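Hi,

Here is the structure I promised to pass on.

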Amino acid sequence: MGCLRLALALSVLFSHLPDGSVHIMSGALAVQAFFIISGFYMALVLSGKYNSAGLFYSNRLLRLLPCYFTLLVASVVLLFAFQISATAPPEIFALLPARPLHLVAMAVENLVIVGQEWLFWFRVEPDGQFVLDTSGVVPGDHTTVAWQFLLVPQSWTLSMELMFYLLAPFLARMRTRSLVGLALASIAVRQTGRLLPIDFLLWQGRFFPSELFLFLFGMLAYRALPLIARVNRRAVWGVGLLLLLLSLIAWLPQLGLSGEANKWLIYVAVAVAIPFVFKAFANVRIDRWLGELSYPIYLAHLLVIGVVLAIGTVHTTIAILCGTLLCAALLARFIDLPVDRWRQARVRRGIKS
């Protein structure tokens, strides 16, 4: 499913382009599709690859953290040495020394990751005070939101991933009907947000219980693999459904559907298609290689956008795309690949023991 993961990562990148020149599926919806794929893969690896929860947890941290901390350090250098950032104006950090607890909290959030999604719920007053704001406030010339103190701000999704990883070994042992029931409960929590005095996009996008069903859709999709293997012995369905998903990513805004209809179309399409796509491309090396670029692209693109905007160029979109792909390739080659070899060796030793 590497090609699909790459397309979703590029959707996030294109949604953050400063000139808004590329109109495809939104980055927010791409992130939610990633959650479904994550649920599928965690169900896959927990079905036999790991013989202990501890090894699973530590290997998931090794998958996420080396690349994250590399970009965190790069972001610190660019912001404080060169005043370069796409989302964090250097002057807002002058607000923190007057609020020592906030300073400590922001340092911890950048290092620990878990809980970063809650920073979207707080507005920052001119005196540095954090104020709960459930209106879905966005940054502006005179408005600062707490998430702007994140040096790799898109990493809030890693908080969601880490909370799911914590639950995944237990979820993988649950019966299918229990997973279905839990998914329905999560959807009910999500829909409850429509009755609350809270911005619905904030409630459904930055609150783990209302996002949990996406991971569960992926786990349920994995459990459909045996049935698919019996009824579909050829790869043609996987190829066709992949092309359908890529077409939806490219042209979803042109369908003219409402925002909520777009979301559920993608949720269902991804959950139904990924078992077929996985079966068709599981042994295609180039597809796996393309998929390995998705995570570095996702983490690096805002840093690259900041650098390109600081340098200035008439070909902004091309520079951002090329710079992000180059940065992602370097991260994959020199960070992710060596760490992945170590991770796989740990799994082999765990199996033998």
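Below is what turned up, starting with how to read the numbers.

This is a predicted model, so local features need pLDDT of at least 70 and side-chain atom pairs count only at pLDDT 80 or more, while totals for chains, interfaces and linings use all residues. Residues are numbered from 1 along each chain as its sequence is written, and side-chain values use heavy atoms, with hydrogens and water left out.

Pockets first. On a 1 Å grid over the protein atoms alone, a pocket is an open set of points with protein on both sides within 12 Å along at least five of seven lines, a cavity is a set where a 1.4 Å probe fits but cannot get out, and lining residues have an atom within 4 Å of a point. Points are joined across faces, edges and corners, and a volume is the space filled by probe spheres set on them.

The largest pocket has a volume of about 1,300 Å³. Its lining has 42 residues, with Arg5, Tyr41, Arg63, Arg288 and Glu292 nearest the centre. Several helices supply at least two lining residues each, among them α1 (2-15), α2 (27-46) and α14 (316-352); helices here are DSSP runs of H or I with at least four residues, strands are runs of E with at least two, and both are numbered from the N terminus. By class, this lining has 23 nonpolar, 5 polar and 14 charged residues (Ala, Val, Leu, Ile, Met, Phe, Trp, Tyr, Cys and Pro count as nonpolar, Asp, Glu, Lys and Arg as charged, the others, Gly among them, as polar).

The second largest pocket holds about 1,000 Å³. Nearest its centre are His16, Ala28, Phe120, Trp156 and Arg206, out of 38 lining residues. Helix α2 gives the largest share of that lining, 5 residues, and the classes come to 21 nonpolar, 13 polar and 4 charged.

The largest cavity has about 150 Å³ of space, and α3 and α13 are the elements that give two or more residues to its lining. That lining has 11 nonpolar, 5 polar and no charged residues. The second largest cavity, of about 40 Å³, is lined by 9 nonpolar residues, with no polar and no charged ones; Leu4 and Leu8 are among them.

Leu8 turns up again in the largest nonpolar core, which has 117 residues: Leu8, Phe164, Ile274 and Leu299 touch the most other members. Such a core is a set of buried Ala, Val, Leu, Ile, Met, Phe, Trp, Tyr and Cys residues joined through side-chain atoms within 4.5 Å. Buried means under 20% relative accessible area (1.4 Å probe, protein chains only).

Thr324, in helix α14, is buried with a relative accessible area of 0%. Leaving out residues up to four places away in sequence, Thr324 touches Leu13, Ile297, His301 and Val304 (contact means heavy atoms within 4.5 Å).

There is also an open sheet of 3 strands in the order β2-β1-β3, with antiparallel pairing (two strands pair if DSSP finds at least two bridges between them). Both β2 (130-132) and β3 (144-145) are at the edges with a single partner strand, so one side of each has no neighbour in the sheet.

Lastly, Ile113 has a positive phi near 80°, and sits in the loop between α4 and β1.

Cheers

Conventions
Buried means under 20% relative accessible area, exposed over 50%, partly exposed in between (1.4 Å probe, protein chains only).
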